[in-house]
Amino acid sequence: MILEYFRNRKSLGWFFGAALLGLVIIAFVALYFPDFMGDPATAALRRGVAWVDGQPIAASTFLDRYRDTARAYQEQTGGTFSTSLARRLGIPEQVATDLVRNRVLVLEAERHGLEVSDDEVSEAIRSTPAFQQNGVFIGAQAYLNLLASARLDPRDFEASLRADLLADKLRLLVTGTPHVSDLELVDEYRRRNEHASLELWFLPNAAHTADVEATEEEARARYDADPAALEIPAQRRVRYLTLSEQTLAEEVTVRRREVQRHYDRNLFEYQTGDQATASHILLRADSGSEGDEAATMTLAARLAERAREGEDFAELARTYSADEATAATGGSLGAFGPEDMVPEFSEVVFSMAPGEISDPVRTDYGFHVIRLETRQPAETTPLEEVAEAIESQLRQEKAAERLSERVIELADRVSSARSLDELVEGHPLLFAQESTLFGASDTIVELGSEEAARLAFETEVGGVAGPVQLPLGVAFMEVLEEQPPRIPEFDEVREELLATMREERAAALAEAAADALRSTLASGGSGELDPTPLTNWFRGSALGAAGLLPEAEAAVFGAGAGDLVGPLQAERGFALVRVVETSGHEPDTFEEQKDAFRGQLVEEKKTRLWSAFLGAAAQRYEIRIDREALYALLG
């Protein structure tokens, strides 16, 4: 009815209508514009998610790449993919990091004067197997159709391809062909391939513990001889508070419209496409002649008719099907979607009814006779069924965001705060506790963190420090006191001294026993201790009960068959080794594998060079990733 007023702009009604419409617009803006402007996702869409030297990476670019990653995850795992899972896996940060790295590579390629022509992009597209059929490019329109089916914009795809080609050129320029000398080749080949058969005698210190004793007088004498050797380093004590998602969870509320918005934005998570289960009989027409084609099609039609007349389809598949992967199981293809099969096959399957048997279907593989077993149409899980799970997920994510915000807020106040109480003023849910004494190289027991102890010793007494990362959150600390280094009284360290002296004496007896055993073995005796055979010992592997002894590797592989090596001091005793044989570096075999192995080392060197280049390149640019924007975009 209001349109009638606008049809006559000279009437009083026109002015009334205009005024009424103006009020409607004002009301709409008053009610909805603040919420729109306050939407973090909208803000993120405007400002971008990352910057390289001030050049933004658009939020739309991030979202496209993130959605591709989400789809790939679902296809590979068959599981559900949610923002919560993505956050736990660090996928948003990884996607943003990849985009930043790609931008850096483009800038570096330009810095080195590299470029990729349109012809090079065109050739890359034409030579991509996905865009070929029988080794020939499928054509421009089919190429565009294929991109459209994958929901890819041609301009974005080709820009990404151009960037990849540019990165390939840059990598080739940076890595070149590294040199691997013959000496390096032999040393590395031996290091990776040599192994030994050994006999091991291990003499543990603990075997002699009962044979040793230390008296209090001896401990006192050691203490008096050098009490400074027992000095206790400086120790500190802190007040601390911890923040985690759990501590902030009760501050979080999730509104219904947030649940709805998350559902709408991530609808693909709650959708299942068409699914079918089917069996087939495949007949190949190998000769390619028209007669063979016709004969094969006739046989396929006859098999379809026999199956419709009641013959066992599975038995027909086992007898006639040329698909070796499915014939043994009666032609069963399992469950699949339309995109999982060639178009000609899917078109027929998804037009059939369960139990129906098709006429022969021609594909590049041959002629198929298909029996559709079940069909599950595309479905979207209603919001009501997933609302509770979405709310829980959003609550967890908002708690994590609140944690990040709170940590940033408190971190900004650390330098000016005169105490932990002043730091947390205005945050009634946060409360402080006190630690026990700890040293600079200790772990603060209450926090389970060596990093916290290091930071506490870098902060002046009375100062406030943090944040420091904990396994389940972060902590801020106020350094309460420092006890200076001190020499303990004898009574404080008596038991420690006695235990140390007993361990030292047991180790000395174990070493003497190992020396005696070596003498016996060297003179042809067998000794009282039977050896443990190690039949396939490699560098880097444990030397039986002795554990890892890297310093023994050169000695073992430098010894000949029958040689004794040791005694070798281990953490809990002494080891003696007899080399039975070494193998893995036969000259003839090495000569056969030398060229391939050199190529392998060259590729490994290229990888290390490229990795080092990427690290150095990243330092040349100012890089910033807005993690809050990443999660705001994901809802």
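Ala-219 touches Phe-490, Leu-497, Leu-498 and Met-501, leaving aside residues up to four places away in sequence, where contact means heavy atoms within 4.5 Å. Ala-219 itself lies in helix H11 (residues 216-225); helices (H or I, at least four residues) and strands (E, at least two) are DSSP runs, numbered from the N terminus. Because its relative accessibility is 0%, Ala-219 counts as buried, a class that means under 20% relative accessible area, with over 50% called exposed and the range in between partly exposed (1.4 Å probe, protein chains only). Ala-219 and Arg-494 are 275 residues apart in sequence, yet 6.8 Å apart in space, C-alpha to C-alpha.

This is a predicted model, in which local features need pLDDT of at least 70 and side-chain atom pairs count only at pLDDT 80 or more, while totals for chains, interfaces and linings use all residues. Residues are numbered from 1 along each chain as its sequence is written, and side-chain values use heavy atoms, with hydrogens and water left out.

The mean pLDDT (the predictor's confidence in each residue, from 0 to 100) of the chain is 83, and 90% of its residues reach 70 or more. Confidence is highest in helix H21, at a mean of 94, and lowest in helix H1 (residues 2-7), at 32. Over residues 1-41 pLDDT stays under 50. Where pLDDT is low, the predicted coordinates should not be read in detail.

Turning to the sheet, 4 strands form an open arrangement in the order S17-S5-S19-S18, with antiparallel pairing; two strands pair if DSSP finds at least two bridges between them. Strands S17 (532-538) and S18 (564-569) stand at the edges with a single partner strand each, so one side of each is left without a neighbour in the sheet. S18 is joined to strand S19 (residues 573-583) by 4 bridges, the two running antiparallel, and Leu-564 has Arg-578 in S19 as its bridge partner. Helix H21 (residues 490-522) packs on this sheet, touching strand S5 (195-204), S18 and S19, and its direction makes about 35° with that of S19; angles run from 0 to 180 degrees between N-to-C directions, and axes are lines fitted to C-alpha atoms, for helices over the stretch in contact.

Elsewhere, the axes of helix H6 (residues 91-111) and helix H23 (residues 587-619) come within 10 Å and cross at roughly 90°. Arg-101, Val-104, Leu-105 and Glu-108 in H6 meet Trp-610, Phe-613, Leu-614, Ala-617 and Ala-618 in H23.
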